[in-house]
Amino acid sequence: MAIQSVYADKRTIYVAGGCFWGVEAYFKRVAGILGTAVGYANGKTENPTYEEVCHNDTGHAETVHLEYDRHIISLEEILLHLLRIIDPYSVNKQGGDVGTQYRTGIYYTDEADKARVERLFKAVDPEGKFAVEVLPLEQFFDAELYHQDYLDKNPNGYCHVALYKADEPLVDLPAYVKEDKEALKARIGDDAYAITQESATEHPFTGEYDDFFEKGIYVDIVTGEPLFISSAKFNSGCGWPAFSRPITANSVVYKEDHSIPGRPRVEVRSAHGDSHLGHVFPDGKEDLGGLRYCINSKSLRFIKAEDMAKEGYGAWLPLLDEE
């Protein structure tokens, strides 16, 4: 099942990554993306046609307009998705497509987004070798109707993007072989085992992370996969750690929970290890989107920001810059 924020905060960004058919189809699969449209951006002419863009040196880039809910997905997460489906070092070429219209770019309408893009790029490309242009949006013209949602209409059509990657973790996780019951209990303790493997719940106001707000990430105590980020943590007063969203939109999965008669709930589990974490409720802070991820402390392990690199979580450091 999917999850939506109670109070969506709609934002806009424009991304170019080669043929816009595949880029659009990929982002349509990403949680938190509210709408897409393909078109032509930052060229020299008004209302160009596809043929003109391809043959008349109009200077436009095939671009996808993304509308997203920042309470579900961050701009940084969108950028990491884009980087996984393009060759960021290639100039005017992606996949089998060659030409200036296939250049890569990020076009923003909010000046604050420029700093966020540049900060993330500096973290993942410290030598500054990316050939991805970062510019304000000067113009965007919708492409012809037959280009919109092209791969939905033509599922066997050309696509240079591996669409299945939209469902995979943004950062590769190490292979995990689940320990047997006794070994896992010995490592994480009886209480954490009962919570993560048997869906138990710790008593309120007893968990070590209830009133804890250091900068870093929270990972699954069983598998080590990243689950939550400190910038999304807030004090809800409920007695358990509360978060407004996971660290990335596909870090957790959701299941209907009818274990309490007459009180249906939405259970939250880790995507990779299937550990029970807690539940999500629609009574969170309005300015954070209205969701409250009510999570058991004993299902988590906290890694402070300065230790993330040495513990193998350096690839997640750019997401801390949202703070």
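Colleague: Going by relative accessible area, buried means under 20%, exposed over 50% and partly exposed in between, with a 1.4 Å probe and protein chains only; what kind of model are we applying that to?

Modeller: This is a predicted model, in which local features need pLDDT of at least 70 and side-chain atom pairs count only at pLDDT 80 or more, while totals for chains, interfaces and linings use all residues. Residues are numbered from 1 along each chain as its sequence is written, and side-chain values use heavy atoms, with hydrogens and water left out.

Colleague: OK, how many salt bridges turn up in the whole structure?

Modeller: The search finds 16 of them, a salt bridge being a side-chain nitrogen of Lys or Arg within 4 Å of a carboxyl oxygen of Asp or Glu. One of them joins Glu 267 to Arg 269, with the closest N and O atoms 2.5 Å apart.

Colleague: And is Glu 267 buried or exposed?

Modeller: Glu 267 is buried, at a relative accessible area of 9%, and Arg 269 is buried as well, also at 9%. The two belong to a network of salt bridges that links Lys 255, Glu 267, Arg 269 and Asp 274.

Colleague: What about the backbone at Asp 274, what is its phi?

Modeller: Asp 274 has a positive phi of about 60° although it is not a glycine, whereas most residues other than glycine have a negative phi. Asp 274 sits in the loop between strand S14 (265–270) and strand S15 (276–281), where helices (H or I, at least four residues) and strands (E, at least two) are DSSP runs numbered from the N terminus. At 34% relative accessibility Asp 274 counts as partly exposed. Asn 42 also has a positive phi without being a glycine, here about 55°, but Asn 42 is buried, with a relative accessible area of 9%.

Colleague: Back to the charged pairs: what does Asp 57 meet?

Modeller: Asp 57 and Lys 44 meet through their side chains in a salt bridge of 3.6 Å, N to O. That pair links distant parts of the chain, 13 residues apart, since Asp 57 lies in the loop between helix H2 (50–55) and strand S3 (61–69) and Lys 44 in the loop between strand S2 (33–41) and H2. Both Asp 57 and Lys 44 are exposed.

Colleague: Changing topic, which residue carries the "active site" annotation?

Modeller: In the unreviewed UniProt entry that annotation covers Cys 19; UniProt positions are given in the numbering used here, feature names are shortened, and annotations may be inferred rather than shown by experiment. Cys 19 lies in the loop between strand S1 (10–17) and helix H1 (20–28), and counts as buried at 6% relative accessibility.

Colleague: What does Cys 19 touch?

Modeller: Not counting residues up to four places away in sequence, Cys 19 touches Glu 62, Asp 97, Tyr 102, Tyr 158 and His 160, with contact meaning heavy atoms within 4.5 Å.

Colleague: And H1, how many of its residues are buried?

Modeller: In H1, 8 of its 9 residues are buried, among them Phe 20, Trp 21 and Glu 24. The cover over the buried residues of H1 includes S1, S2, S3, H3 and helix H5 (150–153).

Colleague: Last one, where is Phe 302?

Modeller: Phe 302 is in strand S17 (residues 300–304) and counts as buried at 13% relative accessibility. Leaving aside neighbours within four places in sequence, Phe 302 has contacts that include Tyr 209, Phe 212 and Ile 217.
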